[in-house]
Amino acid sequence: MFEGIVIKSTGSWFTVMQNDGSKINCKLKGQFRIKGIKTTNPVAVGDKVEFIHVRDESTGLITRIFERKNHIIRRSTKLSAQSHIIASNIDQAVLIVTHAQPRTSTGFIDRFLVTAEAYHIPAVLLINKIDLFNEELKNYHDKIIQIYSSVGYPCYSVSALKGTNLTQLKNLLKDKISLLSGHSGVGKSALVNAIEPGLDIKTGEISHVHNKGKHTTAHAEMHKLSFGGFIIDTPGIKEFGLLDFDKNEVAERFPEMREKMHDCKFNNCTHVHEPDCAVKKAVEDGTINKSRYLNYLSILNDKYFEIVDWEK
Ligand SMILES: Nc1nc2c(ncn2[C@@H]2O[C@H](COP(=O)(O)OP(=O)(O)OP(=O)(O)O)[C@@H](O)[C@H]2O)c(=O)[nH]1
Ligand SMILES: [Mg+2]
Ligand SMILES: [Zn+2]
């Protein structure tokens, strides 16, 4: 019996890395279903597993998945009740954001942050491609940094292309297991290459027609960092489908609302139409950012929430 950590999954094959750094391709023994989670992938990158050797030790068979410290899940597609475990056993979730080529909306950012809050995983915003900034993008960038750092999310601004601020980024990643997420084309793989040049991961072009990436990375993969820690590069995602279905919990996942909501007149206040709502008052006087509040409303109205109790 051997132990290791899943560093890559293609769906049917899993690459497992042992403590000594050696890698072995494994299959799954039978049907694995983790109780309470209905996912397209029962085993995810980051999972600690037990395996046995088959066929003269060249491949393995995963026989057990150890209990996860945490995991982060998103809904696979808008209409599907299926969900996808992006990764497990992670120390921090890093969202790569770009203001151009492609542009990441605050709606996408907030859905990601809400999910990280739901799983109690520390989240960080990493703004890439700052070399593309003109006056207008620079102003927009300053506003974004102000919004998110003021509610407690660390923000980093880098350029994978020019190598700007990579020392800070390395300090952030050192000795931790970090998940990189974001739209296709934001430079997730380019960033991994920039801080760990030996890896030479494939990166893609940006389509000139759509100003979007071309989904170059097909499977999540964990890479060992020479200066300590691991980084998980993932395929770009179009939208971040929320798994949550309890509307009353959404406000708690906005740290700035969490702080105010106890002063609302009604303790089941949804902060939408109720009188004497401390959250709405804070939006009016500018203490809570308007775009964050509007994204909160948008999340409440999400189609995802119409599928209630999908798990049962
Ligand atoms: N100008 C500029 N371009 C960058 C920067 N970082 C990455 N790019 C370019 O953006 C394109 C996409 O980069 P990738 O690293 O493939 O993006 P990705 O996020 O891994 O995309 P997927 O694998 O499709 O999810 C490439 O052409 C990179 O050269 C940057 O800091 N500045
Ligand atoms: Mg990539
Ligand atoms: Zn309220």
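Reader: In which loop does proline 102 lie?

Author: This is a predicted model. Proline 102 is joined to glutamine 101 by a cis peptide bond, with omega about 0°. Most peptide bonds are trans. Proline 102 lies in the loop between strand S8 (92-97) and H1.

Reader: What is phi of glutamine 101?

Author: Glutamine 101 is also placed in the loop between S8 and H1. Most residues other than glycine have a negative phi. Glutamine 101 is not a glycine, yet its phi is positive, at about 50°.

Reader: Is histidine 215 buried, exposed or partly exposed?

Author: Histidine 215 sits in the loop between helix H4 (188-195) and strand S12 (221-224). A residue is buried with 20 or more other C-beta atoms within 10 Å, and exposed with 12 or fewer. Histidine 215 has 14 C-beta neighbours inside 10 Å, so it counts as partly exposed.

Reader: Are H1 and H8 roughly parallel or roughly perpendicular to each other?

Author: Two packed helices are described by the angle between their axes and the distance between the axes. The axes of helix H1 (residues 106-118) and helix H8 (residues 290-300) come within 10 Å and cross at roughly 70°. Angles of 65 to 115 degrees count as roughly perpendicular. H1 and H8 are therefore roughly perpendicular.

Reader: How many nonpolar, polar and charged residues are in the contact of H1 with H8?

Author: From H1, the contact takes in Thr106, Gly107, Asp110, Arg111 and Val114, which meet Ser291, Arg292, Asn295, Ser298 and Ile299 in H8. Sorted by type, the residues of this contact are two nonpolar, five polar and three charged.

Reader: Which residues of H8 are exposed on the other side from the buried ones?

Author: Arg292, Tyr293, Asn295, Tyr296 and Ile299 are the buried residues of H8. They cover an arc of only 160° around the axis, so they lie on the same side of H8. Their cover includes H1, helix H2 (135-150), helix H5 (247-250), helix H6 (255-260) and helix H7 (278-284). On the other side of H8, the exposed residues are Lys290, Leu297 and Ser298.

Reader: Which residues are closest to ligand 1?

Author: The shell around ligand 1 divides into seven nonpolar, 13 polar and five charged residues. In total, 25 residues surround ligand 1, and the closest are Gly187, Ala190, Thr203, Thr217 and Gly236.

Key: Residues numbered from 1 in each chain as written. Chains lettered and ligands numbered in written order. Predicted model: local features only at pLDDT ≥ 70, side-chain atom pairs only at ≥ 80, totals over all residues. Axes fitted to C-alpha atoms, helices over the stretch in contact; angles between N-to-C directions. Helix = DSSP H or I, 4+ residues; strand = E, 2+ residues; numbered from the N terminus. Parallel < 35°, antiparallel > 145°, perpendicular 65-115°, else oblique. Contact = placed C-beta atoms within 7 Å. Nonpolar A, V, L, I, M, F, W, Y, C, P; charged D, E, K, R; others polar. Near = placed C-beta within 6 Å. Arc of directions from axis to C-beta.
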